[in-house]
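Follow the charged side chains through this fold. The text below takes them pair by pair, then turns to a helix position.

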Amino acid sequence: MPLFISTELRYSLFCRYETFCLTRSSVRPPDPRAVRSRDAALASARELLIERGLAGLTHGAVAARSGISRATLYRHWPEPPDLVRATLALHITLSQSRPTGDLRADLLTELAATRAMLHEPASEQGMRVIIERAAVDPEFAEVKEALYRSGTRVVRAILADAIARAELPAELDIDLAIDQLHGPLFFRRLVANRTFDLDYVHAVVDDFLRCHSTKLPRQQGTS
């Protein structure tokens with residue numbers, strides 16, 4: 001039986017991981033006060049992202065909301081892109097779920113979460129700004145790459161597990177599969193500027209499975 005991980009626990013684990021990443025070069029364990037300040041700062045940053053969008057996510061605004069000093073914030077995240085990456089990565093982590101082993105249901109759950117983020121004004125605008133800035137700013141290009149990896153992590157695991165269970169072919173190109181699943185959602189929302197509902201998500205997942213699932217008849221061309 002799969003283990004359910006609550007949103008609160010995922011948030012806590014994410015913050016502990018972020019602290020570990022910044023302190024892994026030290027032999028000392030992380031200072032509990034530093035952990036608490038990072039927790040408070042990231043929680044406030046996420047609230048600001050939702051309320052004000054990416055433009056409102058500044059060191060000053062986070063300091064005012066969280067009560068954490070600017071000096072502490074700059075010590076954890078020296079540059080604005082560092083704070084943006086940590087906040088959006090947390091936002092993504094909290095929207096992800098633990099796979100159950102049901103390929104279709106797991107893909108629907110993850111893509112439904114992606115749909116929700118694409119239709120939430122703060123995260124949608126954040127993604128638009130990051131994509132635009134990444135073309136001219138190397139720091140934002142790194143942020144975009146990091147968010148791509150974290151945002152597709154669970155779907156990659158779902159696909160890899162399905163390959164191991166022989167529900168998907170061993171030769172499946174996972175990178176291409178990610179494009180086939182996430183690509184239509186991002187194109188429709190960020191390029192075509194069109195909204196879409198869960199029926200569209202279902203259609204994308206079902207088309208993918210008709211083409212690739214070893215448990216379903218392969219889709220045949222029409223005459």
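Glu-47 and Arg-65 join their side chains in a salt bridge, at 3.0 Å from N to O. The term means a side-chain nitrogen of Lys or Arg within 4 Å of a carboxyl oxygen of Asp or Glu. Glu-47 sits in helix α2 (residues 32-52) and Arg-65 in helix α3 (residues 59-66), so the pair ties together parts 18 residues apart in sequence. Helices here are DSSP runs of H or I, at least four residues, numbered from the N terminus. Glu-47 is partly exposed at 38% relative accessible area. Arg-65 is also partly exposed, at 31%. The cut-offs are under 20% for buried, over 50% for exposed, and partly exposed in between (1.4 Å probe, protein chains only). A network of salt bridges links Glu-47, Glu-51 and Arg-65.

The model is predicted: local features need pLDDT of at least 70, side-chain atom pairs count only at pLDDT 80 or more, and totals for chains, interfaces and linings use all residues. Residues are numbered from 1 along each chain as its sequence is written, and side-chain values use heavy atoms, without hydrogens and water.

The whole structure holds 10 salt bridges. One of them pairs Arg-149 with Glu-145 at 3.5 Å, N to O. Both lie in helix α8 (residues 138-164), 4 residues apart, about one turn of the helix. Glu-167 and Arg-165 form another, at 2.7 Å, N to O. Glu-167 is buried at 18% relative accessibility, whereas Arg-165 is partly exposed at 33%.

Now the helix position. Thr-93 lies in helix α5 (residues 80-95). Thr-93 is buried, at 16% relative accessibility. Val-154 is 61 residues from Thr-93 in sequence, yet their C-alpha atoms are 9.6 Å apart.

Note on methods:
Helices (H or I, at least four residues) and strands (E, at least two) are DSSP runs, numbered from the N terminus.
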